[in-house]
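Have a look at the model first, then work through each solution step by step.

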Amino acid sequence: VAGLMIEPRLETGDFLLALFRENPVLGGGLGNYAVHWAAAAYVAHAAVPGSAFGIYWQALVETGILGLAALGLVLLRFYQVLLSVLRRTQRTPWHPYALGFLASFTAMIVQHATFGDRLGIYVWFMMGVAMAMSKQIKA
């Protein structure tokens with residue numbers, strides 16, 4: 001069908017960069033991506049995406065460099081905790097669980113590079129369980 005945009009991600013690239021350039025430090029406002037998208041004059045298809053097709057793009061355009069940096073620091077800190085747990089659990093029954101948390105968290109973070117605009121409840125739940133496991137292993 002002529003003129004039908006099947007993959008809106010291709011169209012969003014230029015829009016995301018333009019939106020980022022408007023407010024590079026603080027972004028366009030948390031939750032405002034869909035508002036900016038709807039206001040864009042060049043939108044070729046009827047569907048208005050509510051997300052930038054990736055949590056990192058979403059964080060960059062909505063919260064700017066500062067928000068993306070904050071998200072990055074949270075993710076890096078969690079990786080530090082997971083790697084610490086992985087080292088401390090070697091040759092213990094907890095090691096497969098720690099390795100599983102590391103692998104599944106990495107898979108979810110990679111998935112969110114192209115899918116979703118917020119970390120889902122399952123990601124936060126898994127982070128909480130892994131942090132609790134870290135506290136248990138320290139004791």
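Contact here means heavy atoms within 4.5 Å. This is a predicted model: local features need pLDDT of at least 70, side-chain atom pairs count only at pLDDT 80 or more, and totals for chains, interfaces and linings use all residues. Residues are numbered from 1 along each chain as its sequence is written, and side-chain values use heavy atoms, with hydrogens and water left out.

**Exercise 1.** Find the residues in contact with F105, leaving aside its neighbours within four places in sequence.

*Solution.* Start at F105 and list its partners: L75, F78, Y79, L82, V123, M126 and M127. Next, check burial (under 20% relative accessible area, 1.4 Å probe, protein chains only): F105 has a relative accessible area of 0%, so F105 is buried.

**Exercise 2.** Classify the ring pairs that F105 forms with F78 and with Y79.

*Solution.* Rings of Phe, Tyr and Trp (its six-membered ring) pair if their centres lie within 6.5 Å; planes under 30 degrees apart are stacked, over 60 edge-to-face, and the rest tilted. First, F78 and F105 lie 4.6 Å centre to centre with 70° between the planes, an edge-to-face pair. F78 belongs to helix α3 and F105 to helix α4, 27 residues apart; helices are DSSP runs (H or I, at least four residues), numbered from the N terminus. Then take Y79 and F105: their ring centres are 5.2 Å apart and their planes at 65°, so this pair is edge-to-face.

How values were computed:
Helices (H or I, at least four residues) and strands (E, at least two) are DSSP runs, numbered from the N terminus. Buried means under 20% relative accessible area, exposed over 50%, partly exposed in between (1.4 Å probe, protein chains only).
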